[in-house]
Amino acid sequence: MDGRHYIVCGMGFGDEGKGSVVDFLCSPGRPDPARTVIRFNGGAQAAHNVLTADGRHHTFAQFGSGSFTPGVRTHLPRFVLVDPLALAAEAGRLAAVGVPDALDRLTVDRDALLVTPYHQAANRAREAARGRDRHGSCGMGIGETARYALAWPGDAPRVADCAAPRALARSLGLLRDRLCDELGPLGGPSVDLLCDAYRAFADRVPLVDGGYLRRLLRAGPTVFEGAQGVLLDEWRGFHPYTTWSTTTFANAETLLAEAGETAVRLGVVRCYLTRHGPGPFVTEDPTLELPEPHNGTGTWQGAFRTGHPDAVALRYAAEVAGGVDGVALTHLDVAARHRLRLCRAYRTGGRTLSRIEPGPGHDLSWQERLTGTLLRARPVYEDPVGGDPAGGDPGRDWPGLFEDMLGAPVMLRSYGPTAAGKRGLQVTGRRARVAGATVAAAAASSG
Amino acid sequence: MGSGRWSTNVYDAAARFRAATGASAFAYSDGGATGVHPALDPFGVTVRESRDSAEHPRSLAIAVLFDVTGSMRDVPRVLQAKLPQLLGLLLRKGYVADPQIMFGAIGDATCDRAPLQIGQFESDNRMDDDLGRILLEGGGGGQKTEPYELALYFMARHTAIDCYEKRGRRGCLFVIGDEMAYPQLKPAEVRDVIGDGLQGGVPVASLVAEVTARWDTYYILPAGASYVGDRQVLGFWRDLLGQNVIQLADLDAVCETIALTVGLGEDAINLDAGLTDLDDVGSAAGPTVSRALAAIGSGRRVLELAPPDMAVLDAAGLDATGPDAAGPEDLDGPGGNVRL
């Protein structure tokens, strides 16, 4: 490859194809591929699908989506919410698809928060109590973990505690008692049993301090793998239909800055928009029947929804994410076979809206008003250009349209689920500068 | 949904993390414990209760008791690791709305430290806690006989289950072992282990009659135990339980076998649909379960649909293709079990 670090971030509501892009960046067929995947937000609720050329499939949750490539490591820094029980289960599933050593390729920052079965039980109890007003939570305890750490920063169980049984028993006991006091009996395993499993985790997986990441970044090219999408960001998404995590490039940039490194900011988008669960989705079109092999209706998230490409929402995503250096455009094969329409503006309350104005940041009431506006908005479509409106629109220049929407060159085009279906980013011999012009030149010459 | 359910098992996780370091997941046994964990001690227990609740309004009591004596070799350890999946399996497939599961263990009344260990009925993974507390014995042996009658006595006289009391639905009792019961329950053992004073001995056949009034009772003889396929042991239990004697050729399929048996009893499925379900959840246990349940499932099917020799043909075909035919008894085919 080009010796650079990449940050891979979804520009939609998740499910953009981040997993397959990360897998591609780590694939051995490329010169100088990434050796380590670094997660930087969320936790085990991530569901990044990767399909290998020989037909194996895994939905990555906590392990990096490059793990099918032998030797590719995963690091979970302090911004990740770590669920050791789910890590063990995922390692087991990976072993079944030919990756027997996932745990041996894992490092975890000692400062990361622990997601426990108590958080999960509380998460589900709250979500169930919301009834039809559910927020689309995955029920994995991510929000509950963030909430508890905000309320009790000194008591929140962290990864380092796993190696300190007495501290762990105390913090887990406090957590369980407080959640049960608030929500009633929650079940879950006993504190003793949980301590035992977490101790086994600490004995097995190297727990590292913050300085480890600097050495990792010096050692070779890496990929920062974001979870979910910018439009679900805790501060910039459409409150309350958001996630408890920063889904922009921000966390990755913080870690890179601490280590004195830089990276290419790669925004991943499908040629159309999807959303799992409730919340605003202006261009949703239930009559669009697009293939979706790995996403169904989740018990806690609700249905998988599909809609037309939305320039207004994408521009907003790029703007609040602080801009992207390059675009990875996925599902071009689907776009070529189906009639997608392009939404360039919304109609709402007699007005036409072509831009969503970002709020001042950290202002949830602003975001909530935005949600209200979007829930009432109707899409204004530009008629499809050329092609057969009943069949597909193979002639349409989707890469050009998305470059325009996101203000950056399309560096990677994906025509299929495996690494073999990816085109672009093949340039070698380029220097590690990240300036937009350099990237644009690289992309242009990659053809 | 809700409080009682979980997606990731704490035992599986600990076992997997320890897989490389060689430590055992069964800390209570391996930690040098020498007696029954207080939570599992049947002495002085009035009743173990399976009750309906607001969250679980249609409870179904399911009890799984397994032999932990030496003749079972590594089987109890495998069961301790596998059984936590049972609840999830029952719920995922919708075989039972509100299962309440109790785990327990049967040791040796004469020389073991824990002749009977009995957990609580639970609707969530607190039942795993009980499973982890089970002391693995390793004693006994030589007689091809263990005190299963003590366990049957406890189930008959010391359980209270809403599924039966409120809805007339019998609970499901699974005894996993490889030996026979003693022919008669001994009052001294009942006094020592459970604390009841009995006037005289009780024949095991009367205990079975008492238990089966409220519990659909199954005996599972698993591969890997000393007396797998033993005609005397199988004959003993078939005399008592008829077709409800299951030979299990692959221990990995124990949860699937129990779940499907429960599902068949609930009329939630027939055997073919259940086997399709197994495929759907990605379980490779289909052939083993199919063979194990051929008698029960096809017995049902025979009653409903097919000519009487169908069961034998099906079972024979499966046996011929199965890679791991368990023992000489299999040559007869489970057709011999069908009670018609």
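Colleague: How many helices and strands does chain A come to?
Modeller: The secondary structure of chain A comes to 13 helices and 17 strands, where helices (H or I, at least four residues) and strands (E, at least two) are DSSP runs numbered from the N terminus. This is a predicted model, in which local features need pLDDT of at least 70 and side-chain atom pairs count only at pLDDT 80 or more, while totals for chains, interfaces and linings use all residues. Residues are numbered from 1 along each chain as its sequence is written, chains are lettered from A and ligands numbered from 1 in the order in which they are written, and side-chain values use heavy atoms, with hydrogens and water left out.

Colleague: And what share of chain A is buried?
Modeller: Of its 447 residues, 61% are buried, meaning under 20% relative accessible area, with exposed over 50% and partly exposed in between (1.4 Å probe, protein chains only). Of the contacts in chain A with a separation of 6 or more, 77% are between residues 24 or more positions apart, a contact being heavy atoms within 4.5 Å.

Colleague: What about chain B?
Modeller: Chain B has 15 helices and 10 strands, and 59% of its 340 residues count as buried. In chain B, 78% of the contacts between residues at least 6 apart in sequence join residues at least 24 apart.

Colleague: Which residues of H5(B) are buried?
Modeller: They are Met127(B), Asp128(B), Asp129(B), Asp130(B), Leu131(B) and Gly132(B). Because six of the eight residues of this helix (residues 126–133) are buried, H5 of chain B is largely enclosed by the rest of the structure.

Colleague: Switching to packing, at what angle do H2(A) and H1(B) pack?
Modeller: Helix H2 (residues 84–96) of chain A and helix H1 (residues 10–18) of chain B pack at about 65°, with their axes 8 Å apart; axes are lines fitted to C-alpha atoms, for helices over the stretch in contact, and angles run from 0 to 180 degrees between N-to-C directions. H2(A) is therefore roughly perpendicular to H1(B), on a scale where angles under 35 degrees count as roughly parallel, over 145 as roughly antiparallel, 65 to 115 as roughly perpendicular and the rest as oblique.

Colleague: Which residues of H2(A) and H1(B) make the contact?
Modeller: H2(A) contributes Pro84(A), Leu85(A), Leu87(A), Ala88(A), Ala91(A) and Gly92(A), and H1(B) contributes Val10(B), Ala13(B), Arg16(B) and Phe17(B).

Colleague: Okay, rings now: how many aromatic pairs are there over all chains?
Modeller: The count comes to 13, where rings of Phe, Tyr and Trp (its six-membered ring) pair if their centres lie within 6.5 Å, and planes under 30 degrees apart count as stacked, over 60 as edge-to-face and the rest as tilted. Tyr148(B) and Trp237(B) form an edge-to-face pair, 5.4 Å centre to centre with 90° between the planes. This pair links distant parts of the chain, 89 residues apart, with Tyr148(B) in helix H6 (residues 148–157) and Trp237(B) in helix H10 (residues 231–241) of chain B.

Colleague: Are those two buried or exposed?
Modeller: Both Tyr148(B) and Trp237(B) are buried. Phe174(B) and Tyr218(B) also form an aromatic pair, which is stacked at 5.1 Å centre to centre with 15° between the planes, and both of these residues are buried too.

Colleague: Which residues do ring pairs link into a cluster?
Modeller: The cluster consists of Phe13(A), Phe238(A), Phe281(A) and Tyr316(A).
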